[in-house]
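Reader: I am new to this structure and would like to learn how its descriptions are reached. Could you show it to me and take my questions one by one?

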Amino acid sequence: MNTAEDGLPLPQRYWAILNLAVGLALSVLDSAIANIALPAIAREIHASPADSIWVINAYQLAVVISLLPFASLGDIFGYRRIYIIGLVLFTGAALVSALSQSLFMLTLGRALQGLGAAGMMSVNTALVRFTYPRRHLGRGIAMVSVVVSISSAAGPSVAAAILAVASWPWLFAINVPIGVVAFVMSLRLLPYNPPSDQRFDLVSALQCAAAFALLISAINGVGHHHPAGFVIVELAGALLVGYVLVRRQNALVMPLLPIDLFRRPIFALSVATSICTFVAQGIVFVALPFYFQDVIGRSQVETGLLITPWPVTVAMIAPLAGRLADRYPAGILGAIGLTVLSIGFVLLALLPAAPGDADIVWRIVVCGLGFGFFQSPNNRAIISSAPRERSGGAGAIQSTARLLGQTIGAAMVALVFGYAGPAGGASPTVAILLAALFAAIAAVASLSRLFSFVRRPRPSRKPELALPKAADEGLTVRPPP
């Protein structure tokens, strides 16, 4: 089925976005759904607590290192095809994880699930771009933002609900019937884009995987106080491989690592805004449970309920922000949202010694309001500032920015807890104030997009030299000398 020039017709558009939302929810939820069951998993498969962490790390690492290669495959072979391959791999690997009786098999299953999730994540936003007409793109991006936000925050709650009625293998087995239904739907509903004649660059894919693996390992090593020499070697290796990778990409027409897109100011500043914001979110999502449980003495269930207003508020505000993003610059909308987010973090850090539920909830709502107002416009800016044929690379960079920011945020919490004292003291408050600082930096980066436009050239008197209109927000192309 060929895609219409400007999005899918109704009602196919709604069914397609529902299918994409299901796949994205599965992939995001599974990044955190196993955390709560990790002690029970370790006991049943006779693994040490330290070794069992690989059940989590294998999934996250597989996602990060394969996002850009899958996005490149999507640009070459079509986004619909790569999404379906990722969905099939994710569903099959979920069955492997559910049936695993050893740490090796479970880790392998989780790594394969991560690869499948990366296949879906890498082209999800690109498919949204081909699903919605350009004038309504912000609404489609808003739907994606809602799914990502709610899925990220709801992981522990969903896991607790499943474990209340079933054993831990069902955390993975429940993905199988949902994945099968999503697969059948995707065959008929998803938009089609023609493949290109470009070839997949395997060398760049391997370099990209190595660079991100070393970088993520170094970041985690800093947070968990690994030997300094080992962390330095990992970081140096990441920089060296990254340098070789960038040099290689400069010579390619369609690079696997889309460094050419970073020459567009809107794209580069939107990605920087995203990284800083997700660093802030990553800090708070790790620090708040320690604050609620170790400082003010709330239970795990109460902690989950107190954080719930965040994703609920995002779900309510994101559609409005998406509609506004179709009319107003992302720089302004993002700066407003991130300023509110930073203020919300400061308010959380200034909570009284024995806060009531209402004291906490309204501050969490302020944070959710700010985050929801930022996310949809910023994601729209990232995607719309790239050419349609590069939507896969732009979408993968968007997901990579989110995962990289959250990883850095978690590592920073570990650093703060290591140097500012135990989690039951002032450390969570210090971490939340650090998150407020990153949100403020993100607000400045967002606002700077308003001043990043390239000077508009004078109209050419020669018709053959007239410049095409740029796809970016407010950008034009410099005339040839």
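Author: Gladly! In this predicted model, the crossing of α12 and α18 is left-handed.

Reader: What makes the crossing of α12 and α18 left-handed?

Author: A crossing gets that name if the near helix is turned anticlockwise from the far one by less than a right angle. The crossing of α12 and α18 is classed as left-handed on that rule.

Reader: At what angle do the axes of α12 and α18 cross, and within what distance do they come?

Author: They cross at roughly 160° and come within 8 Å. Angles over 145 degrees count as roughly antiparallel, and therefore α12 is roughly antiparallel to α18. The residues of this contact are 21 nonpolar, four polar and no charged.

Reader: Why is α15 called roughly antiparallel to α16?

Author: The axes of α15, residues 330–349, and α16, residues 357–384, cross at roughly 155°. The cut-off is again over 145 degrees, so α15 counts as roughly antiparallel to α16. Their axes come within 7 Å, and this crossing, too, is left-handed.

Reader: How do you know which residues of α15 and α16 meet?

Author: Contact means heavy atoms within 4.5 Å. Among the α15 residues that meet α16 are L333, L341 and F345, while the α16 side includes W362, F371 and F374. By class, the contact has 18 nonpolar, four polar and one charged residues. R363 of α16 is in this contact, and Arg counts as charged.

Reader: What makes a space a cavity, and how many of 30 Å³ or more are there?

Author: A cavity is a set of points where a 1.4 Å probe fits but cannot get out. The search of the whole structure finds two of 30 Å³ or more.

Reader: Which residues lie nearest the centre of the largest cavity?

Author: V144, V148, Q398, S399 and R402 do, out of 14 lining residues. Elements giving two or more residues to this lining include α6, α7 and α17. By class, the lining has five nonpolar, eight polar and one charged residues.

Reader: How is the lining of the second largest cavity made up by class?

Author: Seven nonpolar, one polar and no charged residues form it. α1 gives the most, with four residues, and α7 supplies at least two.

Notes:
Residues are numbered from 1 along each chain as its sequence is written. This is a predicted model: local features need pLDDT of at least 70, side-chain atom pairs count only at pLDDT 80 or more; totals for chains, interfaces and linings use all residues. Side-chain values use heavy atoms; hydrogens and water are left out. Axes are lines fitted to C-alpha atoms, for helices over the stretch in contact, and angles run from 0 to 180 degrees between N-to-C directions. Angles under 35 degrees count as roughly parallel, over 145 as roughly antiparallel, 65 to 115 as roughly perpendicular and the rest as oblique. On a 1 Å grid over the protein atoms alone, a cavity is a set of points where a 1.4 Å probe fits but cannot get out, and a pocket is an open set with protein on both sides within 12 Å along at least five of seven lines; lining residues have an atom within 4 Å of a point. Grid points are joined across faces, edges and corners, and a volume is the space filled by probe spheres set on the points.
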